[in-house]
Amino acid sequence: MKDLIQKALDTRKNAYAPYSQFAVGAALEAENGTIYTGCNVENASYGLSICAERTALVKAISEGAKKFKRLAIVADTPEAVTPCGMCRQMLMEFSPEMELILANTKGKSETVVLSKLLPRAFKLAR
Ligand code: THU
């Protein structure tokens with residue numbers, strides 16, 4: 001768990017967040033143990049910005065990974081950071097039961113199961 005948080009912390013250094021000044025790092029561990037990292041990348045057209053979690057996820061999917069065990073997220077927040085709603089929904093698509101390791105830069109962390117953070121997530125059932 002410490003290793004994954006450390007990878008998220010390292011990647012947080014690459015965050016491009018000149019508008020919010022809020023740097024976030026993520027490290028996503030696939031079922032086979034491969035780790036995909038991500039940081040937030042903002043844009044002058046604010047709405048185009050992407051969160052650290054989704055950066056890691058799209059990197060992983062584009063490399064062929066589909067199932068995930070754990071995701072560590074780190075930001076400089078008073079309590080452990082929690083993922084935004086858009087990221088929760090995107091992650092739910094692949095592994096609803098993955099562990100989210102929520103952490104801050106001061107060493108606080110807690111672990112929750114993704115599905116608990118997004119009850120009744122949208123599914124395309126017809
Ligand atoms: N952000 C993330 O990267 N992950 C989250 O879970 C919440 C928000 C980013 C988006 C934006 O670049 C900055 O943090 C402030 O919202």
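In this predicted model, an oxygen atom of the ligand lies 2.5 Å from an N or O atom in the side chain of E42. E53 also takes part through its side chain, where an N or O atom is 2.5 Å from a ligand oxygen atom.

| Residue | Part of the residue | Distance to a ligand oxygen atom |
|---|---|---|
| E42 | N or O atom in the side chain | 2.5 Å |
| E53 | N or O atom in the side chain | 2.5 Å |

The protein buries 77% of the 370 Å² that the ligand exposes when taken alone.

The surroundings of the ligand consist of S20, F22, V24, N40, E42, C51, A52, E53, T82, P83 and C84. By residue class, this shell comprises 6 nonpolar, 3 polar and 2 charged residues.

Turning to the chain as a whole, its secondary structure contains 4 helices and 5 strands. Read from the N terminus, these elements follow the order α-β-β-α-β-α-β-β-α. The C-alpha trace extends about 40 × 35 × 30 Å along its principal axes. A compact globule of 126 residues would have a radius of gyration near 14 Å, and the chain agrees with this expectation because its own value is 14 Å.

Terms used: Residues are numbered from 1 along each chain as its sequence is written. This is a predicted model: local features need pLDDT of at least 70, side-chain atom pairs count only at pLDDT 80 or more; totals for chains, interfaces and linings use all residues. Side-chain values use heavy atoms; hydrogens and water are left out. A residue is near a molecule or strand if one of its heavy atoms lies within 4 Å of it. A polar contact is a pair of N or O atoms within 3.5 Å; within protein, one must be able to donate a hydrogen and the other to accept it, and residues adjacent in sequence count only if both atoms are side-chain atoms. Accessible areas come from the Shrake-Rupley method with a 1.4 Å probe; for residues, only the protein chains shown count as cover. Ala, Val, Leu, Ile, Met, Phe, Trp, Tyr, Cys and Pro count as nonpolar, Asp, Glu, Lys and Arg as charged, and the others, Gly among them, as polar. Helices (H or I, at least four residues) and strands (E, at least two) are DSSP runs, numbered from the N terminus. The radius of gyration is taken over C-alpha atoms; the globule rule is 2.2 Å times the number of residues to the power 0.38.
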